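Here is a short note for a colleague opening this entry. Please keep the sequence and the 3D view side by side while reading.

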Amino acid sequence: MRVSIDSTTCQGHGRCYDLAPDLFGEDEEGYATLTEVTADQDVPSDREHDARLAAANCPESAVLVHEQARV
Ligand code: SF4
């Protein structure tokens, strides 16, 4: 499983990085970013629950979950 941020819809509410600060960060304006844990690799299996939680709690549906593992 991978995650990405749709930067065209992210409004910087911060719920994602409040819920899972190891998976999501923020830029200088508060918009979500990926972190070293999520930027170039699959979400660790023991962190998938919180990745899904962040996606479910994003008011803009800007946290995208990609179920297929990176190949
Ligand atoms: S919760 Fe959604 S809108 Fe808020 S910072 Fe995260 S991705 Fe952006």
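1. The shell around the ligand. Its residues divide into seven nonpolar, four polar and two charged. Here Ala, Val, Leu, Ile, Met, Phe, Trp, Tyr, Cys and Pro count as nonpolar, Asp, Glu, Lys and Arg as charged, and the others, Gly among them, as polar. In total, 13 residues surround the ligand. The closest are C10, H13, G14, C16 and C58. A residue belongs here if one of its heavy atoms lies within 4 Å of the molecule.

2. Basis of the note. This is a predicted model, where local features need pLDDT of at least 70 and side-chain atom pairs count only at pLDDT 80 or more, while totals for chains, interfaces and linings use all residues. Residues are numbered from 1 along each chain as its sequence is written, and side-chain values use heavy atoms, with hydrogens and water left out.

3. Helix 1 (residues 15–19) gives the most to the shell, with three residues. Helices (H or I, at least four residues) and strands (E, at least two) are DSSP runs, numbered from the N terminus.

4. S7 is in the loop between strand 1 (2–5) and helix 1. Is S7 buried or exposed? S7 counts as exposed because its relative accessibility is 64%. The cut-offs are under 20% relative accessible area for buried, over 50% for exposed, and partly exposed in between (1.4 Å probe, protein chains only). S7 and D27 are 20 residues apart along the chain, and their C-alpha atoms are separated by 11 Å.

5. T38. Look next at the loop between strand 3 (32–34) and helix 2 (48–57), which holds T38. T38 has 2% relative accessibility, so it counts as buried. Its side chain reaches the backbone oxygen of L23 at 2.8 Å. Leaving aside neighbours within four places in sequence, T38 is in contact (heavy atoms within 4.5 Å) with V3, L23 and V43.

6. V43. This residue is also found in the loop between strand 3 and helix 2. V43 counts as buried, because its relative accessibility is 4%. Which residues does V43 contact, leaving aside its neighbours within four places in sequence? They are M1, R2, V3, L23, T38, E48 and A51. T9 is 34 residues from V43 in sequence and 22 Å away in space, C-alpha to C-alpha.

7. P59 and E60. P59 counts as partly exposed at 40% relative accessibility. E60 is partly exposed, with a relative accessible area of 31%. Leaving aside neighbours within four places in sequence, P59 is in contact with H13 and R15, and E60 with T9, Q11 and H13. E60 and H13 are 47 residues apart in sequence, yet 8.9 Å apart in space, C-alpha to C-alpha.

8. A backbone angle to check. S61 lies in the loop between helix 2 and strand 4 (63–66). Its phi is near 55°, a positive value in a residue other than glycine. Most residues other than glycine have a negative phi. S61 is exposed, with a relative accessible area of 53%.

Technical notes: Polar contact = N/O pair within 3.5 Å; in protein donor to acceptor, adjacent residues only side chain to side chain.
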